[in-house]
Amino acid sequence: MEFLENPTRVLFFTGKGGVGKTSVACSAAVKLADAGKRVLLVSTDPASNLDEVLGVRLGNAPTAVPGVPNLKAMNIDPEASAKAYREGMVAPYRGVLPDAAVASMEEQFSGSCTLEIAAFDEFARLLGGTGTTAEFDHVLFDTAPTGHTLRLLSLPSAWDGFLSANTTGTSCLGPLAGLQAQQKLYTDTVKALGDARTTTLVLVARPEASALGEAERTGGELAALGVGNQHLVVNGVFRATDRDDPVARTMARRADQALALVPAGLARLPRTVIPLAPNGLVGIEAIRAMGSAARTGTAAGTGDAPPELPPLAELIDELAGPRHGVILTMGKGGVGKTTVAAAVAVALADRGFKVHLSTTDPAAHVAATLNGDVPNLTVARIDPKAETETYSAEVLATAGKDLDAKGREMLEEDLRSPCTEEIAVFRAFAAAVAKGEGGFVVLDTAPTGHTVLLLDSALAYHREVTRQASGMPEAVEHLLPRLRDPDFTRVVIVTLPEATPVHEAARLQEDLKRAGIVPFAWVVNQSLAPLAVTDPVLASRRGYEARFLREVADELATRVAVVPWQIEPPIGPEQLRELTALASSTTGASGSTR
């Protein structure tokens, strides 16, 4: 890891979901700590899996990591941060203002916007604060998948600018007094992000065109925000040792092609290449050995024979049964939600149903996955910028139409706050779900944490929308009943046959059940289990999958399907149709091995 040769004090790890950000961040943190540095590792991902990787229960405060004396780690818990933030804002007024006024303040700080600003405030305190992390030589941030990270890292500028321009003293969070007290912190955070002597942005990608392309876009957007000191890590590069294994040859060829075609925006960056590991990266010793020759050169055993599970084709008939409704694909970033959503949409459209395919993912690539026209199928995305403009215009035309000049000015400033985008996206999500009354809507959702926050915040958004607009849209009013109706909404949880994706999906399933939403089925994607691989590293990974396939089939899912790793990338209608073809080859050769 070349970026550790002369590391800055702060390092951010970001990239597309599933590329191994957490593994790389943990490995870097352990290596720095083993070198005698005092290290704090922080996850900003609402669906953090630092606990599982490090083998220790983490909270909102630095916790010592067993087996690594100089390393502490923590999760930024949005709920806990919001509670502390709300109490900090309201407590000074208890006993000073009437109870009714205090209750009103608590109501103002109970919305989803408070959740986001509280998590951001905690992040800014760790990054821009002078004393909070003084005991550490290095602070490493393991961030959520790209879209969420872009928003997190743009918030210092957004809130700093909003607070500087705001003249009315109001925001969607209520009185600005509390926020304005933090303005110096936000300003310092912006400076820290842009200081190359302080901060390094580590862009993590798999050796795949889509992951490298997204890393380039992220690097460009963050460079525009002033984060210019960047390093590229290509994680999981596979080198075949058994040239008679067609899957191994293809996988190695794809990696070579991707590395030969690294986008220009990344090619100029210093680069670290980490080989594909033969097993999962969970536990300190596995993390400590990440990338070492001893680990990558020897398969760690082939394990048990994986169970035989049905193909995705067998789910399509059941999904088509109601002849209309909403199908949501959910799961950890990088597990293939978009691919599964597109394959299901194509299969339903091929059966003559009217289908609308859309996404709530800020880093959407639905259209690129479909990459072609299919009769009966329309494609769109929920564009945060466009939805915000539409929503703001609507609020001004309704809630703002009878205001005087001063009142309208206050409302316009309120709408310019970063929280407005969240409300607008939520309304658009509700409108997309409502379209399921007239056909099928297949929604590719954002990675787990962002989606859970979106769903979990439904009631909070109700309050926000009601406060800012004159009435509740029908789609918002009926959103939760529609999502909870198993005859209308069917949630398909997508995962990979590995520890972290499966266990994160299990937590997602429990969160959904608490919200009254029972998942319909699980899809295990990119599995080597149905394939006859002989390369030692791939055979080891195939054996490693067995326990997680059994865990899904026996303990977690009422229905399960498996999608084998594809020799041809599942892009375009014909390749997507291969995923829902009835027969699955034991060689995985649903295409040539050229």
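This report describes the fold of one protein chain and then turns to selected elements and residues. The model is predicted.

**Overall composition**

The protein holds 26 helices and 17 strands. Of its 594 residues, 57% count as buried. Among contacts between residues at least 6 apart in sequence, 76% join residues at least 24 apart.

**The seven-stranded sheet**

An open sheet is formed by seven strands, which follow the order β13-β12-β14-β11-β15-β16-β17 with parallel pairing. The edges are taken by β13 (377-379) and β17 (560-564); each has a single partner strand, so one side of each is left without a neighbour in the sheet. From one strand to the next, the twist averages 20°.

Within this sheet, strand β15 (residues 489-495) pairs with strand β16 (residues 521-527) in the parallel sense, over four bridges. Thr495 has Val524 in β16 as its bridge partner. Helix α25 (residues 536-556) packs on the sheet, where it touches β16 and β17, and its direction makes about 170° with that of β16. Another helix, α15 (residues 337-350), lies across β11 (325-330), β12 (355-359), β13, β14 (440-444), β15 and β16, and runs at about 165° to β14.

**Thr329 in strand β11**

Strand β11 contains Thr329. With a relative accessibility of 1%, Thr329 counts as buried. The residues that Thr329 touches, leaving aside those up to four places away in sequence, are Lys337, Val340, Ala341, Leu443, Asp444, Thr445, Val492 and Val494. One of these, Val492, is 163 residues apart from Thr329 in sequence, yet the two are 4.9 Å apart in space, C-alpha to C-alpha. For Lys337, the backbone oxygen lies 3.4 Å from a polar atom of the Thr329 side chain.

**Strands β9 and β10**

Strand β9 (residues 230-237) and β10 run parallel and are joined by five bridges. Val237 has Pro275 in β10 as its bridge partner.

**Helices with a buried side**

An α-helix has 3.6 residues a turn, so residues three or four places apart point the same way.

| α17 (residues 384-398) | Pro384, Thr388, Tyr391, Ser392, Val395, Leu396 | 130° |

In α17, the buried residues are Pro384, Thr388, Tyr391, Ser392, Val395 and Leu396. Their arc of only 130° around the axis puts them on the same side of α17.

Helix α17 has 15 residues and reaches 21 Å from its first C-alpha to its last, close to the 21 Å expected at 1.5 Å a residue. At the start of α17, a side-chain oxygen of Asp383 comes to within 3.0 Å of the backbone nitrogen of Lys385.

**Ser27 in helix α1**

Helix α1 (residues 21-34) contains Ser27. Ser27 is buried, and its relative accessible area is 1%. Not counting residues up to four places away in sequence, Ser27 touches Met1, Ile287 and Met290.

Key
Residues numbered from 1 in each chain as written. Predicted model: local features only at pLDDT ≥ 70, side-chain atom pairs only at ≥ 80, totals over all residues. Heavy atoms only, no water. Helix = DSSP H or I, 4+ residues; strand = E, 2+ residues; numbered from the N terminus. Expected span 1.5 Å × (residues − 1). Buried < 20%, exposed > 50% of the residue type's maximum accessible area, 1.4 Å probe, protein only. Arc of directions from axis to C-beta. Polar contact = N/O pair within 3.5 Å; in protein donor to acceptor, adjacent residues only side chain to side chain. Pairing = 2+ DSSP bridges. Axes fitted to C-alpha atoms, helices over the stretch in contact; angles between N-to-C directions. Contact = heavy atoms within 4.5 Å.
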